[in-house]
Amino acid sequence: RRGTKPSSGTIYPVLKNLSEMGFIEEIKSKGKEKKYRITKKGKKELDVATRKFCKLFYDMKEEFGRCGC
């Protein structure tokens, strides 16, 4: 979302899900602040998702170029 700050009700369920899937892990931090880091499994998944994203939008760029848009 551009220009909109997501709420904790949006962020924390996603963090919990990513943690349960083994893509991130919580690291020790001071006070109430929570910090996370990406795991090896998470890095692999991110790489796959990034390739899919780029391929999709690269293909769309080719399609739009053909129709003169």
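This is a predicted model: local features need pLDDT of at least 70, side-chain atom pairs count only at pLDDT 80 or more; totals for chains, interfaces and linings use all residues.
Me: How far apart are the end C-alpha atoms of helix H1?
Reply: Helix H1 runs over residues 8-20 and so has 13 residues. At 1.5 Å a residue the helix should span 18 Å, and the separation in the model agrees with that expectation, the end C-alpha atoms being apart by 18 Å.

Me: Which residue that follows H1 has a positive phi?
Reply: The phi in question is near 85°, and the residue that carries this positive value is a glycine. The residue following H1 is therefore, by its number in the chain, glycine 22.

Me: Is glycine 42 buried or exposed?
Reply: Glycine 42 is found in helix H2, which covers residues 40-66. Its relative accessibility is 4%, and because buried means under 20%, glycine 42 counts as buried.

Me: Which residues does glycine 42 touch, not counting residues up to four places away in sequence?
Reply: The C-alpha atoms of glycine 42 and glycine 22 are separated by 6.9 Å, although the two glycines stand 20 residues apart along the chain. With residues up to four places away in sequence left out, the contacts of glycine 42 are Gly22 and Phe23.

Me: Which strands hold glutamate 25 and arginine 37?
Reply: Glutamate 25 forms a salt bridge with arginine 37, and their closest N and O atoms are 2.7 Å apart. The pair ties together parts that are 12 residues apart in sequence, because glutamate 25 lies in residues 24-27 and arginine 37 in residues 35-38, which are strands S1 and S2. Glutamate 25 counts as partly exposed at 34% relative accessibility, and arginine 37 likewise counts as partly exposed at 45%. The strands asked for are S1 for glutamate 25 and S2 for arginine 37.

Me: What is the N to O distance in the salt bridge of glutamate 33 and lysine 35?
Reply: Glutamate 33 is partly exposed, with a relative accessible area of 47%, and lysine 35 is partly exposed as well, at 40%. The side chains of glutamate 33 and lysine 35 meet in a salt bridge whose distance, N to O, is 3.6 Å.

Me: By about how much of the helix are arginine 51 and aspartate 47 separated?
Reply: Arginine 51 forms a salt bridge with aspartate 47, with the closest N and O atoms 2.0 Å apart. An α-helix has 3.6 residues a turn, so residues three or four places apart point the same way. Arginine 51 and aspartate 47 are four residues apart in helix H2, which means that they are separated by about one helical turn.

Methods: Residues are numbered from 1 along each chain as its sequence is written. Side-chain values use heavy atoms; hydrogens and water are left out. Helices (H or I, at least four residues) and strands (E, at least two) are DSSP runs, numbered from the N terminus. The expected span of a helix is 1.5 Å times one less than its number of residues. Buried means under 20% relative accessible area, exposed over 50%, partly exposed in between (1.4 Å probe, protein chains only). Contact means heavy atoms within 4.5 Å. A salt bridge is a side-chain nitrogen of Lys or Arg within 4 Å of a carboxyl oxygen of Asp or Glu.
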